[in-house]
Amino acid sequence: MWNEGALARAFLMQRGHLFPWSAVLFALGIGLYFALPAEPSAQTLGLAGVAAIGLGAAALRAGWHVAPALWAVALVAAGFAVAGARAHVVAAPVLEFRYYGSVEGRVRAIDRSASDALRLTLDEVRLERMAPGETPAKVRVALHGAQGFLDPVPGTRVILTAFLSPPQGPVEPGGFDFRRHAWFQGLGAVGYTRTPVLVLAPPSAEMAAAVARARMALSARVQDALPGEAGGFAAAVLSGDRSGIGQDTLRALRESNLAHLLAISGLHMGLLAGFVFAALRLGILALPRAGVRLPAKKLAAGGALLAAAGYLALSGGNIATERAFVMAAVALLAVMLDRRAISLRAVALAALIVLVLRPEALMGPGFQMSFAATTALVAVFAALRERKGPRPPRWLAPVLAVVISSSVAGAATAPIGAAHFNQLSHFGLPANLLAVPLMGLLVIPAGVVAILLMPLGGEAAPLWAMGLGLDWILGVAHRAAGMPNAVGHVPAPPVTVLPLLALGGAFVALWRGHGRWAGLVPALVALALWTGTARPPVLVADEGALVGVMTADGRALSKERGAGFPASVWLENDGDGATRAEAVARWPEAGPVRHVWGKRRAANFEGCAPGEIVVMTERYDGPAQPCLLLDARRLEGAGSLAIWPDPGGHRVESATLREGRRLWTPATVAEVPARLAAAQAQ
C-alpha cells in the first residue's frame with residue numbers, strides 16, 4: 001500500500017526530472033487552449049495568468065506533498081494564458097471576401113507552392129478600395145503564366161493584379177487547419193496572379209530586407225557554382241532557399257524519409273555548431289602558450305554560438321531554424337557555464353523557450369518531431385551511459401552511435417510523421433544510415449568552409465566537395481524511393497491519438513524507476529484507437545467544389561479537375577495511395593450521392609429521391625426535396641463537410657463548426673447550424 005513515506009520516496013526519485021515535467025505541463029496548457037470549442041474571454045485568460053503566478057508562488061512555500069500539485073496546475077494555467085495572449089498579440093485583419101484587383105506590397109519572402117510555382121509573400125499591403133485598417137498585414141501570391149519579373153528580391157516594392165481569398169479552413173472536419181496556421185503568421189489572404197509582376201521601388205535599406213537579399217544572393221552564388229539538383233540542395237542547406245529543388249527530388253526525399261535533411265533544423269544547426277566548436281577548440285589548443293592559459297572549451301563554445309546565430313540570420317529565421325538555434329544555444333551556454341550540454345533539462349529549457357515565444361508551434365509536426373527525437377535520443381543515451389556491463393570496442397562505438405541514433409530518432413518520429421503525412425517510409429532507416437553520416441563528415445563542414453572563403457572567391461573547391469556528398473544523398477533518396485513498396489499509406493488518426501502518444505512517451509522517458517513502463521498504456525490505447533479509425537463515408541469540399549464517396553475500392557472522387565488540394569488530402573487521410581484519376585474512375589454512374597456542379601447541371605436538376613445526398617454548387621430555389629440537398633446557400637460558410645449515416649437520416653459535420661468560434665474563424669460561423677438544419681429539414 002502507498003503511504004506517506006512511499007510517496008516521499010517516489011517524489012524524491014523524480015526530483016531530477018521536475019524541470020522536464022514542467023515543460024510537459026506547460027505544453028498541456030497550450031494544448032488545452034487550442035482544443036477549446038470557443039475562444040476564451042480576455043477575463044478568463046487574465047484569471048489563468050493570475051492563477052499561474054499565485055499558485056506558483058504558493059508552491060514555493062508549500063510542503064513537498066502539496067507543492068507538486070500546485071506547481072502542476074500553475075504550469076497548465078501558464079501555458080493556457082500564454083497561448084491565448086499570443087493569439088491576441090498576432091491579430092491582424094483577414095480578407096472576408098474574394099478579391100480581384102490591384103495588389104501592392106513589399107516582397108517579404110520567396111518560396112514555391114506545391115504546384116512548383118514561384119510564390120511571393122508581401123507585407124505593407126495596399127488593396128484597391130480597402131481601408132488600411134481592413135487590409136491584411138501580409139498576403140501570399142503564387143505566380144502563374146508568363147512573368148516579366150523573374151528575379152524577385154526581398155525588400156522590393158511590387159504591384160500586380162491578383163485573385164485573393166481568405167485562408168481556408170480544414171479540407172475535412174478535424175483536419176489540418178490552415179486558417180489557424182495563417183492567423184499566427186499574420187497571413188490575411190492567399191491567391192495567385194497570371195499577369196506579370198511590376199517593380200514599383202527598389203529594395204529598401206532596412207536590416208531585415210538586407211539580410212533577406214544576402215540570403216538570396218548566397219543561394220544564387222551557390223547554385224551558380226554548383227548547378228543542378230545538388231546546387232538546389234546545397235542552397236537549401238546553407239540559406240534555407242528551396243526554390244532550386246524540383247518536385248521529383250522533393251518526392252524522393254519525402255518517400256525515403258530524408259526530407260528532414262532539407263530543413264535547417266536541429267541536425268544542421270548541431271552539425272554546424274559542432275564543427276565550428278571543434279575547429280576553434282583545436283585551433284586555440286594549437287597555439288604554443290595561449291592554448292594552455294586560455295579556456296579553450298568555453299571560447300570555442302562562444303564562437304560556435306556566434307556562428308549558430310549567424311546561420312540563423314542567414315537562413316531566414318523560420319520557426320524550425322529558430323527552434324534549432326534555441327536548442328544549440330542552450331547546449332553551448334551549458335558548456336560555457338560548466339554544465340552538462342546534453343541533458344533532459346537542456347531539452348526542456350529549449351522547449352519552454354520555443355513555446356513561450358511561439359506557443360502555436362506545439363500544434364505543428366516540426367516541433368513535435370524535433371523534440372520527440374531529441375528527448376528519445378537523450379533518454380536512450382543516458383540509459384546506455386548508466387548501464388553496467390561490457391562495453392563495445394572503441395572503434396565500433398561511432399558506428400553503433402549512428403545506428404542507435406537513427407533507429408531511436410526514427411522510432412520516435414515515425415508515429416508523428418505518419419499521423420501528419422499519412423505515410424511510412426519502409427526504407428527510411430537504411431537511407432538515413434547511408435545519408436546522415438555524410439552530412440556531418442562532408443556536407444556541413446564543406447559548406448562552412450565555402451561560406452568562409454566566399455568573400456575571397458574561393459568557394460568553388462569546398463562547394464565541389466559538398467556537391468559530392470549531396471549527389472550521394474540524392475542517389476540514396478532516389479534509390480530508396482524507387483524500391484517496390486517503398487512507401488506505406490496509413491489513415492489519419494483521431495485527434496486524441498497524438499496527445500496520448502506524447503503523454504505516454506514522455507512518461508517512459510522522464511519517469512524514474514520501473515513505473516515508467518506504465519507510459520506504454522496510453523500509447524497502446526492510442527494505437528488501438530488509430531487501428532480502429534473510421535473514415536467519413538462522404539466528404540464535401542468547401543462550397544461543394546468536390547465530393548468524395550467511400551466505396552469498396554476506396555474513395556471515389558466526383559470530378560477530374562478543380563479542388564486539387566482537398567482531393568489529394570482526402571486520399572492521403574484515407575491511407576489510399578491512388579492517384580486522382582484512379583479515384584475519379586471509381587465514381588459510380590448511379591448512386592445515393594450526386595454532385596451537381598455548374599449552372600447548366602443545376603438548371604437540368606429534376607429532383608431527388610428520399611435517402612439521396614445531392615451537393616450543388618449553385619443556389620437551389622425550386623420546390624422542397626425529400627433528400628439531403630446541400631446547395632450554395634446552405635454550404636455558405638460551413639467549410640468542408642463530413643456526412644455520416646444516422647438512424648434519422650444523415651449526420652452532417654461541418655469543419656467550421658468543428659473549429660468553433662475562435663479568433664481565426666469567420667464571424668459567419670454562427671449562421672452555419674441553421675443553414676445545415678434547413679438542408680436536412682426540407
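This is a predicted model: local features need pLDDT of at least 70, side-chain atom pairs count only at pLDDT 80 or more; totals for chains, interfaces and linings use all residues.
**Ground rules.** I number residues from 1 along each chain as its sequence is written, and side-chain values use heavy atoms, with hydrogens and water left out. Local features need pLDDT of at least 70 and side-chain atom pairs pLDDT 80 or more, while totals for chains, interfaces and linings use all residues.

**Cores.** I looked up nonpolar cores, meaning sets of buried Ala, Val, Leu, Ile, Met, Phe, Trp, Tyr and Cys residues joined through side-chain atoms within 4.5 Å; buried is under 20% relative accessible area with a 1.4 Å probe, protein chains only. The largest has 56 residues, and Val222, Phe233 and Met466 are among those with the most contacts inside it. Helices supplying at least two residues each include H6 (207–225), H16 (428–453) and H17 (460–481); helices here are DSSP runs (H or I, at least four residues) and strands likewise (E, at least two), numbered from the N terminus. H17 gives the most, 10 residues. Apart from this core lies another of 38 residues, Trp183 and Leu355 among them.

**Met466.** Beyond its neighbours within four places in sequence, I find Met466 in contact (heavy atoms within 4.5 Å) with Ala234, Val237, Leu238, Val443, Ala446 and Gly447.

I traced an open, antiparallel sheet of five strands in the order E11-E10-E9-E15-E16; strands pair if DSSP finds at least two bridges between them. E9 and E10 pair over three bridges, and Leu539 stands opposite Gly548 in E10. H20 lies across E9, E10 and E11. In H20 (564–573), the buried residues include Trp570 and Leu571.

Methods:
Buried means under 20% relative accessible area, exposed over 50%, partly exposed in between (1.4 Å probe, protein chains only). Axes are lines fitted to C-alpha atoms, for helices over the stretch in contact, and angles run from 0 to 180 degrees between N-to-C directions.
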